[in-house]
Amino acid sequence: MNLDLDWFEQMERRIPKGEVRTRFAPSPTGYMHVGNLRTALYTYLIARHAGGKFLLRIEDTDQGRLVADAVDIIYSTMRRCGLDWDEGPDVGGPVGPYVQTERRDLYGKYAELLIEKGHAYRCFCTEARLEALHREDPNAKYDRHCLSLSPEEVKAKLDAGEPYVIRQKIPAGSTTFHDAVYGDITVDNSELDDQVLIKSDGLPTYNFANVVDDHLMGITHVVRGSEYLSSAPKYNLLYEAFGWEVPTYVHCASVMIADPETGAVRKMSKRKGDPSYEDLLAMGYYSPAVVNYVTLLGWSPRGEIAEQEFFTLDELARVFDIGGISKSPSAFDLEKLTYFNAHYLRSMDPGQFAQLALPYIRQSVQNPAYDANAIAALLQARCEKLTDIPEKVDFFDALPDYGVDLYTNKKSKTNSEVSLAMLEAALPVLEALPGWTAEGIHDALIALAEKLGVKNATLMWPVRIAAAGKAVTPGGAVELCHILGREETLRRLALGVAMLKAQ
């Protein structure tokens, strides 16, 4: 086969040089799991730290596993995480297209170039023959049956239309590659299989498409999970076979989790029911908190900021260095994420929190008369996850059924008898207020407690219980009465009096 070498030279001339270029290359097969998100983050941060380019590439060659709308999910997840890309399917760029199936004509040409160079060959073995090999030995490597075919035999099979794959020809000897996290690793080539580069349908395998695309897109740093360390020697051999520069490999140790059923520590996996990024948002976690926490799963700040936990994405871009990536697996811990989340919710601007909390408040508080911003102000210091909100505020719309035992509180020095006296004293005072302001309610109740000769808590406890019907509320008696309004507060306190008298 005559190859157009000018075409290959033109492809080389397109490659951007002289800058750090990284890529996140997800398969559109579903939601973004935590390991994938971490890869995207590290890839993004390496590029941004160096003032380089961050690319998004869609690897859709595994057509059997494609999920509808998965590409849209990738876009929306990246945007929600703040990971803006400089080049990609939707924004274009100098080395497009950025979707692998739109590049399928490239791969065959590069595979043919490898055949010409003696680093690959056509394999006509049937599925039945390969299955028979593996029946004899499940761990058997391909036996190179087709490597010995003469050019004439290959031509005859091609002329007959026999289907074939193209395989990488692994040379004798050993391969040493360098990883930025794990250092130099040497592998005996006898352990490597002659992997398939081009499948019988003409589409490339993941491993081959990755190498070709990374080179043609000028990728300088390749970030992936440590499970790909075993494939790195094959990648190296492909780069060497083409005469291309090998990018910097950055392999990241696994994210582990304690199995909720068995307690055994295992690799985090969406297939085992572990939460994806989308799941975490649905569980009430705030995206920037998730991003911050996931970045620290396997990376640690060093030097003056070694003890710092909380970072914005811009701060991470300034301080992120590959040397902080750990060789050891990290442990995903929902309690630790909840701690991060609570910090983010409590630290944000009150207006921003109110906007974020509104849909959760309105799940329970549908009465428009109740001020959602006022309710949010009560919640912000007491909220760990957004999904905690509906249950915390459900008493506003409807007073729950509650028992008189709630009126008894040792710390506040109340029991049923004391609480009845407090509510009977509070009702006329609140009813007589000229206006219904938080300050007016507060001053009136404090003055009443002083007049009755009791501690403030002795009066406030029964008022709050009558107003909410709950022992734990976001906010005290004054705030709850103010939000409920005069009429509803008086109605609820009167119900409390009736309940206490009826016991």
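Predicted model: local features only at pLDDT ≥ 70, side-chain atom pairs only at ≥ 80, totals over all residues.
This briefing describes selected helices, strands and residues of the structure above. Among the features described are an open sheet of three strands and helix H7, which is largely enclosed by the rest of the structure because 10 of its 11 residues are buried.

**Strands and sheets**

- Strands of a sheet pair through backbone hydrogen bonds, and the pairing can be either parallel or antiparallel.
- In this model, three strands form an open sheet in the order E3-E4-E7, and their pairing is antiparallel.
- Strand E3 (120-123) and strand E7 (196-198) stand at the edges of that sheet, and because each has a single partner strand, one side of each is left without a neighbour in the sheet.
- Going from one strand to the next in this sheet, the twist averages 45°.
- Four bridges hold the antiparallel pairing between E3 and strand E4 (residues 165-168), and within this pairing Tyr121 stands opposite Arg167 in E4.
- Strand E5 (residues 174-179) and strand E6 (residues 183-188) also run antiparallel, and they are joined by six bridges.

**Packed helices**

- Two packed helices are described by the angle between their axes and by the distance between the axes.
- For helix H18 (residues 456-468) and helix H19 (residues 477-484), the axes come within 9 Å and cross at roughly 35°, and the crossing in which H18 passes H19 is left-handed.
- On the H18 side this contact is made by Met460, Val463, Arg464, Ala467 and Ala468, while on the H19 side it is made by Ala477, Val478, Leu480, Cys481 and Leu484.
- Sorted by class, the residues in the contact of H18 with H19 are nine nonpolar, no polar and one charged.
- Helix H1 (residues 5-14) and helix H4 (residues 104-117) have axes 12 Å apart and pack at an angle of about 115°, again with a left-handed crossing.
- Leu5, Trp7, Phe8 and Met11 of H1 make this contact together with Leu106, Lys109, Tyr110 and Leu113 of H4, and by class these are seven nonpolar, no polar and one charged residues.

**The enclosed helix H7**

- Why is helix H7 (residues 206-216) described as largely enclosed by the rest of the structure? The reason is that 10 of its 11 residues are buried.
- The buried residues in H7 are Asn207, Phe208, Ala209, Asn210, Val211, Val212, Asp213, Asp214, His215 and Leu216.
- These buried residues pack against helices H1, H4 and H8, and also against strand E1 (21-24), E7 and strand E8 (221-225).
- Just after H7, Gly218 takes a positive phi of about 70°.

- Asn341 is found in helix H12 (residues 334-347), and it counts as buried because its relative accessibility is 0%, where buried means under 20%.
- The side chain of Asn341 reaches the backbone nitrogen of Tyr286 at 2.7 Å, and, with neighbours within four places in sequence left aside, Asn341 is in contact with Gly284, Tyr285, Tyr286, Ala289, Glu384 and Lys385.
- Asn236 lies in helix H8 (residues 232-242), and at 5% relative accessibility Asn236 also counts as buried.
- Although Asn236 and Phe177 are 59 residues apart along the chain, their C-alpha atoms are separated by 6.9 Å.
- Not counting residues up to four places away in sequence, Asn236 touches Thr175, Thr176, Phe177, Val246 and Tyr249.
- Leaving aside neighbours within four places in sequence, Val71 is in contact with Pro28 and Ile58.
- The C-alpha atoms of Val71 and Leu345 are separated by 30 Å, and the two residues are 274 residues apart along the chain.

Definitions and conventions. Residues numbered from 1 in each chain as written. Heavy atoms only, no water. Axes fitted to C-alpha atoms, helices over the stretch in contact; angles between N-to-C directions. Helix = DSSP H or I, 4+ residues; strand = E, 2+ residues; numbered from the N terminus. Left-handed = near helix turned anticlockwise from the far one by under 90°. Contact = heavy atoms within 4.5 Å. Nonpolar A, V, L, I, M, F, W, Y, C, P; charged D, E, K, R; others polar. Pairing = 2+ DSSP bridges. Buried < 20%, exposed > 50% of the residue type's maximum accessible area, 1.4 Å probe, protein only. Polar contact = N/O pair within 3.5 Å; in protein donor to acceptor, adjacent residues only side chain to side chain.
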